[in-house]
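Subject: Handing over a structure

Hello,

I am passing a structure on to you today. Please open it first, and then read my notes below alongside it.

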Amino acid sequence: MSGHGTPIPMTSHRADPLTGIAEVPGDKSISHRSLILGALAVGETKISGLLEGEDVLDTAKAMQAMGAEVINHGGGNWSVHGVGVGGLAEPEQVIDCGNSGTGVRLIMGVMATSPITVTFTGDASLNKRPMARVTDPLALFGTQSVGRSGGRLPMTSVGAAEPTPVRYTVPVPSAQVKSAVLLAGLNAPGQTVVIEKEATRDHSERMLAGFGAEITVEDTDEGRVITLTGQPELKPQVIAVPRDPSSAAFPVCAALITPGSDVLVPGIGLNPTRAGLFYTLQDMGADLTFENMREEGGEPVADLRARYSPDMKGIDVPPERAASMIDEYPVLSVVASFATGKTMMTGVKELRVKESDRIDAMARGLRANGVMVEEGDDWWAVTGLGPEGVPGGGTCESFLDHRIAMSFMVMGMGAQKPVTVDDGTPIATSFPIFTPLMTTLGARLETTA
């Protein structure tokens, strides 16, 4: 089982104005998929700007263990010599996906239709997360999986020797589930069809098409219908990974709540299935603008400029927007604490099965810092205290969840008293340069060994 080191508490003190340019790392979702699809292509895929967080590095190790040649050339430049669709080898060791739900679920999908056996594990957080939402649809291909009670890791999956294509309607909005089924469909003969009632991030569809797979997407009365023709020969690609909108959320939100701030976050992908937070912040009255709008690699990209915004108002966040900002609700709830009035967030039950129960984790921490929170199974509401109205002074549990830890570090930058998390080490899973980057902007972050 993946280990987790000694917890290292972190404290965020009230910051001077945050100013400067925040160059955030590469997109985590695209980084995972670049390595996996590169491993399934025939030939060499070259990747630049890869996010070198622990989650993605675990996926790189997994692809290496399953037969692909994965080379780190330094500076975010990697190459992957793929083995072709259906060419993955059975790993000799257990595949340890660390903290990464995306990594384990995508890899479960990619091996599900190859005649190999793989045992998966992760850290304490990942091993608590439900995997049945992925193993149930993969069983339709003929894959067999046995794990602990509740469908939890460690788990052993036996890939289908003679897979059959499936038609599957995703029961909850989840890009991980959709992508796992599509990746499994790659090595099944015929057409695999995935239907999602609400659109989720579409990097898998875009990248499968880019690698040469035959894939179509139709908006119908039934939902968004994705049809993939199996057993293609994927062609290697040259990929420049765009910067991660989920990571950009932290310097953007920190600037909005810290008096006097003006921060530029360049080169951020504004894929409509990922950019919901930024439009929500604008709806709240944030001084957030998109500069130098352009298209890179088929994706809309802009430089984000965020300035201190003392006039933000609480809003009802449209539930249909939830899938496009599901990872950003924790830091949105921090911004909502500094707005005037109540921010209502509905249609967000997916947050309860992320790296932690993120509604519960944020509610506990916000209350510890003087903010009123109401919650239900599928919703939560934060009553804002206005600019400079958040008392702070609380200690929050991160629950081994990187986004919880970073969200409370952001809160401390605008609160009256310092905010502490019990463990800041999970931040390295997705944003390894968070502390030096925020410090360069003017944040005052302190670790306690």
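**The cores**

The largest nonpolar core has 75 residues, and those with the most contacts inside it are Phe278, Leu281, Tyr329, Trp380 and Met438. A nonpolar core here is a set of buried Ala, Val, Leu, Ile, Met, Phe, Trp, Tyr and Cys residues joined through side-chain atoms within 4.5 Å. Buried means under 20% relative accessible area, exposed means over 50%, and partly exposed is in between, with a 1.4 Å probe and protein chains only. Helix 7 (residues 245–257) gives the most to this core, with 9 residues. Helices (H or I, at least four residues) and strands (E, at least two) are DSSP runs, numbered from the N terminus.

Met438 is in contact with Leu18, Pro251, Ala254, Met413, Ala443 and Leu445, once its neighbours within four places in sequence are left aside. Contact means heavy atoms within 4.5 Å. There is also a second, separate core of 61 residues, which includes Ile47, Val56, Val118 and Leu182. As background, nonpolar side chains tend to be buried together in soluble globular proteins.

**How to read the model**

This is a predicted model, in which local features need pLDDT of at least 70, side-chain atom pairs count only at pLDDT 80 or more, and totals for chains, interfaces and linings use all residues. Residues are numbered from 1 along each chain as its sequence is written, and side-chain values use heavy atoms, with hydrogens and water left out.

**A buried helix**

Do have a look at helix 3 (residues 101–111): 11 of its 11 residues are buried, so this helix is largely enclosed by the rest of the structure. What surrounds it? The buried residues of helix 3 pack against helix 1 (28–40), helix 2 (54–65), strand 7 (117–121), helix 4 (132–139), strand 9 (152–158) and helix 5 (175–185). Leaving aside neighbours within four places in sequence, Thr102 is in contact with His32, Arg33 and Gln176.

Pro91 sits in the loop between strand 5 (77–83) and strand 6 (95–96). Pro91 is buried too, with a relative accessible area of 8%. Not counting residues up to four places away in sequence, Pro91 touches Ala65, Met66, Thr117 and Val118. From Pro91 to Ser309 there are 218 residues in sequence and 52 Å in space, C-alpha to C-alpha.

In helix 6 (residues 203–210), the buried residues are His203, Ser204, Glu205, Met207 and Leu208. Just after helix 6 comes Gly212, with a positive phi of about 100°.

**Two helix pairs**

Helix 8 (residues 276–283) and helix 9 (residues 329–337) pack at an angle of about 10°, with their axes 11 Å apart. Axes are lines fitted to C-alpha atoms, for helices over the stretch in contact, and angles run from 0 to 180 degrees between N-to-C directions. That makes helix 8 roughly parallel to helix 9. Angles under 35 degrees count as roughly parallel, over 145 as roughly antiparallel, 65 to 115 as roughly perpendicular and the rest as oblique. Leu277, Thr280 and Leu281 of helix 8 meet Val331, Leu332 and Val335 of helix 9 in this contact.

Helix 10 (residues 358–368) and helix 11 (residues 402–414) pack at an angle of about 25°, with their axes 11 Å apart. Helix 10 and helix 11 are therefore roughly parallel to each other. On the helix 10 side, the contact is made by Arg358, Ala361, Met362, Gly365 and Leu366, and on the helix 11 side by His402, Arg403, Ile404, Ser407, Phe408 and Met411.

**Backbone details**

Most residues other than glycine have a negative phi, and most peptide bonds are trans. Which bond is cis here? A cis peptide bond joins Leu153 and Pro154, with omega of about -5°, and Pro154 is in strand 9.

Two residues other than glycine with a positive phi are worth a look. Asn292 has a phi near 55°; this residue is in strand 16 (residues 287–296) and is partly exposed, with a relative accessible area of 48%. Glu388 has a phi near 60°; it lies in the loop between strand 21 (379–385) and strand 22 (395–396) and is partly exposed, with a relative accessible area of 39%.

Best wishes
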